[in-house]
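Please have a look at the sequence and the coordinates before reading on.

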Amino acid sequence: MGDRSVGNPRTAKMRNAVLTEAAKYVVALLLGMTIGGVLISFKGEDPVFAYKVLLEGALGGRAAIAQTLRWATPAILAGLATTIGFRAGVFNLGVEGQLYMGAFVAALVGYSVALPGRAHMIAALGAGALAGAAYSLLPAVLWMRYGINEVVNTLMLNYVAYLLTEYVVRVFIMSSSGSVVPLQIVTPEIAESARLPLLFPPYQANVGLFIGVLLAILVYFFFQRTVWGYELDIVGRNPAFAAYGGVSVRRLGMLAFIASGLVGGLAGAVEILGVHHKFAAQFSINLGFDGVLIALLAKNDPLGIIPVGLFWGILRNGAYSMERMTSVSRIVIQVVQALFVLFLTVDAGVIRQMLRRRRALRGKPVQKGATTTHGSLV
Amino acid sequence: MQKEIRLENITKRFPGVLADDHVNMIISAGTVHAVVGENGAGKSTLMNILSGLYQPDDGRILVDGEQVRFENPRQAMRRGIGMVHQEFMLVRNLTVLDNIILGFEPSRAGMISRSVARRVLKDLMNAYKLDVPLDETVERLPVSMQQRVEIVKALYRGADVLILDEPTSVLTPQESRVLFAAIRELVSRGKTVIFISHKLGEVLEVADRISVMRDGRVVGELPASDATERTLARLMVGRDVLMNFTPPGKPQGDPVLEVKEMTVKDARGLEVVKQVSFTVHAGEVLGIAGVAGNGQSELVKAIVGLVPTCSGSIHISRRDVTKASVKHRRQAGMRYIPQDRAWVGTCRQSALWKNLLMGYEHYRKFSRFGLLRLDVVRRFASDLVARFGIKTASLYVPAGTLSGGNLQKAIVARELALGPRLLIAEDPTRGIDIGATEFVRRQVLQVAEGGGAVLLVSQDLQEVMALSNRILVMHKGQIVGERMPAETTEEELGLLMAGRATRGTHDGR
Ligand SMILES: Nc1ncnc2c1ncn2[C@@H]1O[C@H](COP(=O)(O)OP(=O)(O)OP(=O)(O)O)[C@@H](O)[C@H]1O
Ligand SMILES: [Mg+2]
């Protein structure tokens, strides 16, 4: 067979495949941006100008880039948390809630415990991660023991998480009974020793970025090289086959579920210890939910999470500066993001076929007599 | 409505593989045209092209002399070409009726009109004597019925040319008879049938003309009346194929598998295996014969550990594994070639090497401290590919790109790789070409010769008779007879399987 396997066309074909893949991303993004552009012009603004402001705000200069990296950090961590679950066939949509728990507990350790030097920071990070893991335990056990659908459970627990943290902070930490807006419901500031070192002081980008990148590489390595990673991958793709091969599907799935929660908790801890330095109720503005979109964009590839996370940082940071400089709300950019994912994940084949059918309908003689064969029976 | 199909110079490449290489074929209207050839010869690919699923890299298709180009199966359907695939493509949780009309819904004022469809289908089923239960969900139907649904679906959508890709590999011999009758009915009404099979006896029985493919090319085309199994086999494989086996002599080592008074219930709580007891000894091949749906598959699943038993016990090499996990049973030396290769036996989206590793990933040979030793794994996988003649572009392609028979070979290769002590094989040669069938059967016998035990469950009575020392017959969840292959006939087994004979030597305890 080897002699007839054709060398050149093969590489050409692979290159083709890579190009079509890239083209899909570009087309999806352009489609999303076009619709975003229409929304912007409704506002009476010039879309080209708005997008230019966005890019400059995200990449124009040291401060802008640092701020982009700051936003890329939670994006990478939340994307990774989601991916770990997805790869194992566990649809953990509770990263947002796990992130809240992680953030809250990290803040708690950050201000109430005294530890020397780096130990404090590491303890706070670890406590946050564990809190996320612990919070994923409930849906994980329900799923493993009783086969209760994890999607609904995790989604619901998100609300529980941010309402619960808000309540605890307000009642037990601030002991306030009056009405306050959520962002004023805060814990005390964490100690200096618990804070993550900044990359370019005074900007907010911090070593959390390295934690995220390193973890992404680690997870990639885990799926590529370890026995558990191998088994989890199969579990995610075909649990029946994994069970047949002797893999304990439920136990491994649960492991992935908790690992996913762990990283979600870590994402929250990094936000608090690196940026906010105190826990504020409802601080996250969908950082955890974005993880789902990011995982989808990266096609669940842990290494892919890194560039997608950076891209997310660009959009988020750029959107803020667009909002400052123009009258366009950053919600428009959230719409663009969602549309991007939507267009990308809609099967490109379906669209191609639709286009073809239209072309065919416009009168090529390919299907002469078609109606009669079909119609004769119906 | 008669259609003549001409394929001219059809060529199709996949990365690393030339699947079809300038194939020419003329399929005359109103005939049964068989396509035979080794695994990976390009039969399914060619038919996928004809039915619009793939587009050829080169060459053309003519229908009644007019050149056509199909971008998708729908367009092929509009020209009256429909295909029933090797792996079915039904939506498992929809009803038969909805599956049939899916995408071709008759409508009345914009609403789907099921009653119209029902009427049309009733006529159609009467005309071709192909009854299907329209309101049952597909997943509750036996495979043979699902296949019939596929056929009715194609006819409903207007197929004049019906492509059947290895239809009999999922059927019992009796069910195959029914299918052949249906094929004759179709042809007598002017339809054309293209029929792919590895069972040459069948091919000679139903076909008018036969095309033989090898390595992507047509190497011979002849009328069935001029062919014999031997000449066909020679054309396909390029040598004579020997199909005489001697089951291992009087066995009798230690018991390897002991099943005692085992009862298994299905999902609905019905007892599908009732108080079954038997023992397989080292050096023995024990065959289990039975009409599909008489508890064999649940019996096997329980022994393997994929469904729980209700009562009774299972011992492997004297160890009680009644409650043990699949993993522990595998560690005790159990291997399993499952009936359902597409869903249970492989992970189609995962790389071939990952499929070949399954079940062995914890072996010290393949991993240390939880890390896979990828170089060892790769050597192992490429060794299996070579030894079992698995045709693939590389170890890294998704297993689903392998041809049906090559996928089956990969499963067999994996399960036989590291000296099984107990091999449980369901239809081990299903979909495998005759050359490879010979090889796989010898491998199965070698397990027994090497001191292992084999439990062989097969729809194919000839296979059971050729390989077993001893045959148990199952009927309605019970063992209704035990026979020695030398002292029985297919007819007698057939009667036992139908539950129409008195109890045999086995007391059925
Ligand atoms: N989608 C695909 N991607 C890559 N390679 C493919 C694909 N489909 C088929 N092939 C390759 O093309 C070759 C021919 O496959 P095909 O399925 O046509 O064989 P076949 O004659 O039907 O064999 P079998 O009797 O085993 O079903 C095989 O080597 C197979 O690996
Ligand atoms: Mg095939």
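The report below goes through the ligand site, the chain interface and the salt bridges.

## About the model

This is a predicted model, in which local features need pLDDT of at least 70, side-chain atom pairs count only at pLDDT 80 or more, and totals for chains, interfaces and linings use all residues. Residues are numbered from 1 along each chain as its sequence is written, chains are lettered from A and ligands numbered from 1 in the order in which they are written, and side-chain values use heavy atoms, with hydrogens and water left out.

## Around ligand 1

Let's start with the ligand. There are 22 residues around ligand 1, and B:Lys43, B:Ser44, B:Thr45, B:Ser403 and B:Gly405 come nearest; a residue is near if one of its heavy atoms lies within 4 Å of the molecule. By class, this shell holds 6 nonpolar, 12 polar and 4 charged residues. Here Ala, Val, Leu, Ile, Met, Phe, Trp, Tyr, Cys and Pro count as nonpolar, Asp, Glu, Lys and Arg as charged, and the others, Gly among them, as polar.

The size of an interface is often given as the accessible area lost when the parts come together. Between chain A and chain B, about 4,200 Å² is buried (1.4 Å probe, summed over both parts), with carbon and sulfur atoms giving 59%. In terms of contact (heavy atoms within 4.5 Å), 36 residues of chain A touch 54 residues of chain B.

The two chains share 12 residue pairs in polar contact, both residues at pLDDT 80 or more. Such a contact is a pair of N or O atoms within 3.5 Å; within protein, one must be able to donate a hydrogen and the other to accept it, and residues adjacent in sequence count only if both atoms are side-chain atoms. On the side of chain A that touches chain B, there are 17 nonpolar, 10 polar and 9 charged residues.

## Salt bridges

How many salt bridges are there over all chains? The count is 33, where a side-chain nitrogen of Lys or Arg must lie within 4 Å of a carboxyl oxygen of Asp or Glu. Between chain A and chain B the count is 1: B:Lys354 pairs with A:Asp233 at 3.2 Å, N to O. Within chain B, B:Arg177 and B:Glu205 form a salt bridge at 2.7 Å.

Notes: Buried area = accessible area lost by both parts, 1.4 Å probe.
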